Amino acid sequence: MKASTPAKSLPVYLQIAELLTRQIKAGYWQSGERLPTEAELAESLSVAVGTLRKSLALLSEQGVLERIQGSGTYVRRAEGSQRIYELFRLELTTGPGLPTAHILDVSACARPAHVPVLGADPVAPVWRVRRLRFLSQVPVALEEIWFDGALAPALQASDLGDSMYLFYQTQFQVWIARVEDRISAAPAPEWAAPPSGMQVGQIAGFIERLSWTANNTLAEFSQTWFDPAVCRYASRISQ
């Protein structure tokens, strides 16, 4: 695997807010339950108390947490909160983990036959992004992401962040409203190599994802090969 480029990271307070939300959705804390003290949480997450407080304040503003003076911080809700990683379904086998990514390749290509039409012109070039995905710094998956080439005349690895959906929002004003995941098993691609944890041809967990905007425009197609030895696909539904 050729040298990778770390994607632009989220601010630390936002990383912690995302991780706490993923932990709540994974069932670490239930609705109405009190979180550990700020000092305990900050120590367990290896961040300064001031950074943690900024994360808790953000989640309180968004209605995920409730902070009661003199009592503590309580879980208010998790379902329905629109977070950056709301639609990211991979988790470590030991817990949710914080998603990050390294960019392996960014290329403008002719649309391959297996990629559906993205954009108005079916013969126009498309952007292909290959990434190595991490959860809490553990390499877990390889991603190949395709989107409309007309959105950007030029693109390089340093332009991309950890979250592609956030990148679409901030750069192109394209908002992903719904996705369809098709889960199976498949051989790891020919570009698999350490440190991905997968060898070329090794059978891996496999996700094909179609992502649409609110007006039903197909904005992205992706394929993800994940290592079932270290992570899993998780989807939680509540009524």
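**Close-up views of a predicted protein chain**

Arg130 is buried, with a relative accessible area of 15%. Buried means under 20% relative accessible area, exposed over 50%, and partly exposed in between (1.4 Å probe, protein chains only). This is a predicted model: local features need pLDDT of at least 70, side-chain atom pairs count only at pLDDT 80 or more, and totals for chains, interfaces and linings use all residues. Residues are numbered from 1 along each chain as its sequence is written, and side-chain values use heavy atoms, with hydrogens and water left out.

**View 1. Arg130 in strand 6.** Arg130 belongs to strand 6, residues 126-135. Helices (H or I, at least four residues) and strands (E, at least two) are DSSP runs, numbered from the N terminus. Leu104 is 26 residues from Arg130 in sequence, yet their C-alpha atoms are 5.4 Å apart. Contact means heavy atoms within 4.5 Å.

**View 2. Glu208 in strand 9.** Strand 9 covers residues 203-213 and holds Glu208. Glu208 counts as partly exposed because its relative accessibility is 22%. Its C-alpha atom is separated by 6.6 Å from that of Thr224, 16 residues apart along the chain. Residues up to four places away in sequence aside, Glu208 touches Glu180, Asp181 and Arg182, and also Phe221, Ser222 and Gln223.

**View 3. Trp225 in strand 10.** Trp225 sits in strand 10. With 7% relative accessibility, Trp225 counts as buried. Ala141 is 84 residues away in sequence, but C-alpha to C-alpha the pair is 5.5 Å apart. Among the elements of the chain, strand 10 (residues 218-226) has the highest mean pLDDT, 98. Strand 1 (residues 5-6) has the lowest, 90. pLDDT is the predictor's confidence in each residue, from 0 to 100.

**View 4. A cis peptide bond at Pro195.** The bond from Pro194 to Pro195 is cis, and its omega is near 10°. Pro195 lies in the loop that links strand 8 (176-187) to strand 9.

View 5. Gln173 has phi near 55°, a positive value in a residue other than glycine. Its loop runs between helix 4 (164-172) and strand 8. Gln173 counts as exposed, at 56% relative accessibility. Asn216 has a positive phi too, near 70°, and is likewise a residue other than glycine. Asn216 is placed in the loop between strand 9 and strand 10.

**View 6. The whole chain, for context.** The secondary structure comes to 4 helices and 11 strands. The radius of gyration is 19 Å, close to the 18 Å that the globule rule gives for 239 residues, so the chain is as compact as a globular protein of that length. That radius is taken over C-alpha atoms, and the rule is 2.2 Å times the number of residues to the power 0.38. The C-alpha trace spans about 60 × 40 × 35 Å along its principal axes. Of the 239 residues, 50% count as buried. Of the contacts with a separation of 6 or more, 66% join residues 24 or more positions apart. The chain averages a pLDDT of 92, and 96% of the residues score at least 70.
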